[in-house]
Amino acid sequence: MDVQNILVTGGAGYIGSHVLVALIASGYNPLVIDNFTNSSKKSIQNCQKITGKLIEVVEGDVGDVEILENLFTQKNISAVIHLAALKSVNESCVEPLKYFKNNVANTLTLVEAMKRNGVHNLIFSSSAAVYGNASVIPLTENCHTKPTNPYGASKLMCEEILKSLVTTCDGQGSDPWKIVNLRYFNPVGAHESGTIGENPRGAPANLVPYICEVANGHQERLKVYGDDYNTPDGTGLRDYIHIMDLAKGHVSALNWILKLEKNEKCCEVINLGVGRGISVFEMVKRFEAITGINIPLKVTERRPGDVAESYSSAGKAYSLLGWKTEYSLDQMLGSAWLWRSNYPRGYE
Ligand SMILES: NC(=O)c1ccc[n+]([C@@H]2O[C@H](COP(=O)([O-])OP(=O)(O)OC[C@H]3O[C@@H](n4cnc5c(N)ncnc54)[C@H](O)[C@@H]3O)[C@@H](O)[C@H]2O)c1
């Protein structure tokens, strides 16, 4: 059988670059569209070094109808993995329109182009942010969704748009829509080569990049937002997942939709997480143990909107896709540190 072309939007980003590596390892041919608004061409070069394969990249916006039309008419694309989005919760609260335009309006443009060109297989990057303040733990896919910020709302809107495409049979002839919305928990770590990884611009908002910034001396100490939660050590519990496990989750979802009967439609929501909560203090202790670097802490007030615990039920991903996580916490932290040591300021 011919190698299948998979269009990866946002393929130069943190998750996208790891998805490219996982796709190539599984025999797919990824094509990338990225406007490099939050990434570097170096990530694509390094993916090429890791895989030994040339990766075709179109530099452009996923909201550009002409670019999309050219891609779909010329490249015989089997499926799309749609990662391109803005992802800063804080920024989304200051500039919500930017988030709805980039994340929601561009998703509409993309699915319209897919529909025009008869490409109906889509894996969409959603987020645990759609759950908002969790009322039930662990979070199953059936839990109530109530995002607490425009970023999370933009992801939920996309999920709703995609769901209605499938339930109203829009675009269905002999080839109905097959869509998987993957709700990621907290991806951390890097490829084992330490040559692709998370490339945050400015001060990192996430725990592991922040720990690494303290470890390499760019930040003085790690702020811990509250140690008086109702958890075993008082700090918040989150579900951290190794980026390569997350990347392989996309391949499992893709394999699954591509094997469905041609006339079968689907719109599934699937959590990608480990299914276990790890506290801030546990993360810091493990990081110190495996790197031998002391991480000074400063406990401050709780952050508004933070919850005591949030972690997934990972059962559906296993029962439906046969996917489960393979990497340990030490591998998450060790690879994050390797990447940060190789690129102390990211790709710059
Ligand atoms: N990293 C996380 O913690 C996390 C958690 C849940 C969900 N997600 C989602 O996963 C996806 C990927 O996240 P990431 O961490 O790799 O982010 P990232 O910023 O590293 O990657 C996103 C990529 O999309 C590109 N992009 C953004 N808007 C674009 C546009 N209009 N046209 C073309 N390219 C565009 C950026 O340049 C970047 O390369 C996003 O949809 C994000 O919302 C991420």
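**A guided tour of the predicted model**

Start by selecting Phe-36, which lies in the loop between strand E2 (29-34) and helix H2 (41-51), where helices (H or I, at least four residues) and strands (E, at least two) are DSSP runs numbered from the N terminus. Phe-36 has a positive phi of about 60 degrees although it is not a glycine. Most residues other than glycine have a negative phi, and most peptide bonds are trans.

This is a predicted model, in which local features need pLDDT of at least 70 and side-chain atom pairs count only at pLDDT 80 or more, while totals for chains, interfaces and linings use all residues. Residues are numbered from 1 along each chain as its sequence is written, and side-chain values use heavy atoms, with hydrogens and water left out.

Then select helix H5 (residues 96-116) together with helix H6 (residues 150-167), which pack at an angle of about 20 degrees with their axes 9 Å apart; axes are lines fitted to C-alpha atoms, for helices over the stretch in contact, and angles run from 0 to 180 degrees between N-to-C directions. That makes H5 roughly parallel to H6 (angles under 35 degrees count as roughly parallel, over 145 as roughly antiparallel, 65 to 115 as roughly perpendicular and the rest as oblique). Residues in the contact (heavy atoms within 4.5 Å) include Tyr-99 and Phe-100 of H5 and Met-157 and Cys-158 of H6.

Finally, colour the protein chain by its domain assignment, which gives domain 1 (5-188 + 242-272) and domain 2 (207-239 + 275-312 + 326-347), the bounds coming from an automatic or database domain assignment. The centres of the two domains, taken over C-alpha atoms, are separated by 27 Å, and the contact takes 17 residues from domain 1 and 16 residues from domain 2. Domain 1 and domain 2 bury about 1,500 Å² between them, 61% of it on carbon and sulfur atoms, buried area being the accessible area (1.4 Å probe) that two parts lose on being put together, summed over both. Select Ile-137, Val-188 and His-242 to finish: they supply 35% of the area that domain 1 buries against domain 2, more than any other three residues.
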